[in-house]
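Reader: Could you walk me through how to read a few features of a model like this one? I would like the general idea each time, then the case at hand.

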Amino acid sequence: MSGRAKAPLLRNLTMLSYEQARSKVVEEVGKRKGPRATTVVSVWEALGLVLAQEVTTDREYPPFNRSTRDGYAVRSSDAGPDARLKCVGEIKAGDTVREALASGTCLQIMTGAAVPANADAVAMIEYTSREGDFVRFERNAQAGQNIVARGSEAAAGQTILTRGMRLGFAELALAAQVGAVQLQCAQRPRVAILSTGDEVVLIDETPGPFQIRNSNSVSLAAQVRIAGGEPVVLGNAADRIEDLGEKIERGLREDALVLSGGVSMGKYDLVESVLKAMGAEFFFDAVAIRPGRPAVFGLCQGKPVFGLPGNPVSTMVTFELFVAPAIDLLSGAEVRALPLVEARLAEAMKEKTGLTHFLPARVEWQATVPEVKPLRWQGSGDIAALAKANCFLLVPADREQIEIGESVSVLLRKDVV
Ligand code: AMP
Ligand code: MG
């Protein structure tokens, strides 16, 4: 391999639709899923991690017959309309309840308190009136009303969280509820991020008049984090075979490598040929989308490698479509579906056919049906347009004209919606 740039002539793979390309990633990375290295993490720190153990209940849930309302614990047969029962005490949440409810009486009870034996209903305070020691009931009490029976949410020793589950706020609360405060989790996959381009400088450097700052490494690191990975930012490689080769070699030490730039048809777009020389096998190197058409996916030395086009919006779109599912799999989790929703197009639009477009747009939920408007933009370098967008509007490859009011798909930006 010579040190001088040489145009790669590798484009002999069939161009895939974005769905086919995504399936290919899922298929190939899925084959390598295997058990992940694990680590013990406190529930306070485990948000977004994938569970690598089962969590079982330490006791029944609820552990006692729990009142779900403030009111009066009664025997339902005692509390018909206009019934008048003597109130013989009160039960606060947390009180130890030993005595059974005697017939013809009631006990004032609070939400979260244990219902005494023999009581089978809680009458809401709103439908009662107090007359000294007595309580008058306006409504019929139904057996079981406003009580969650002991053990009805979960039995003791029951598995409530399983391996491969992603820990969101509800899952973490459930773990905390049963006292599982330390959780065995899959380690976040480490994703190397390498940008390429002779024009690219560090973000804290002052670019020359014809240079640009490395914004892609910043967006990619954020996207890796959101997807559940640990970004390993490797900086920028010049458009030279040796420099690219060295930095790619470094990147291949991580669980996956994401490159930006250098995958188009330009004379100095060398990523694919350098990877090829390092033994990479490619599964696609063109996808029928705009932006993002030259996206490349392959395996190099057993590691998934993504060559994303360098135009910032192309990099962002292709990450969401192709890299995010790989991170799910490398985390030991199922692949999450793309956040696609249907919306009503707020203005007519025209696009070239042949490629599926992902256009920066804003979806609003003011009307009964979500409404989406494409944003004006200067093409795939226009980060400012994307910063105003909360979704990408999909224009199918075969549609030239879409009318106002038509139903279209939008891919939500998960970080802002
Ligand atoms: P490329 O895919 O290498 O042909 O680059 C396409 C466009 O994206 C060019 O205008 C580049 O200057 C720009 N670009 C490439 N890498 C980056 C980066 N790391 N940050 C921001 N823009 C980039
Ligand atoms: Mg470049």
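**Reading the model**

Author: Gladly! Arg413 lies in the segment after β28 (407-412), where strands (E, at least two residues) and helices (H or I, at least four) are DSSP runs numbered from the N terminus. The model is predicted, so local features need pLDDT of at least 70, side-chain atom pairs count only at pLDDT 80 or more, and totals for chains, interfaces and linings use all residues. Residues are numbered from 1 along each chain as its sequence is written, chains are lettered from A and ligands numbered from 1 in the order in which they are written, and side-chain values use heavy atoms, with hydrogens and water left out.

Reader: Is Arg413 buried or exposed?

Author: Buried means under 20% relative accessible area, exposed over 50%, and partly exposed in between (1.4 Å probe, protein chains only). Arg413 has 17% relative accessibility, so it counts as buried.

Reader: Which residues is Arg413 in contact with?

Author: Contact means heavy atoms within 4.5 Å. Leaving aside neighbours within four places in sequence, Arg413 is in contact with Leu386, Ala387, Ala389, Asn390, Cys391 and Phe392. With Ala389 there is also a polar pair: its backbone oxygen lies 3.0 Å from a polar atom of the Arg413 side chain. A polar contact is a pair of N or O atoms within 3.5 Å; within protein, one must be able to donate a hydrogen and the other to accept it, and residues adjacent in sequence count only if both atoms are side-chain atoms.

Reader: How many residues surround ligand 1?

Author: A residue is near a molecule if one of its heavy atoms lies within 4 Å of it. For ligand 1 there are 18, and the closest are Glu199, Asn214, Gly262, Gly310 and Asn311. A backbone N or O atom of Asn311 lies 3.1 Å from an oxygen atom of the ligand, while one of Asn216 lies 3.2 Å from a nitrogen atom of ligand 1.
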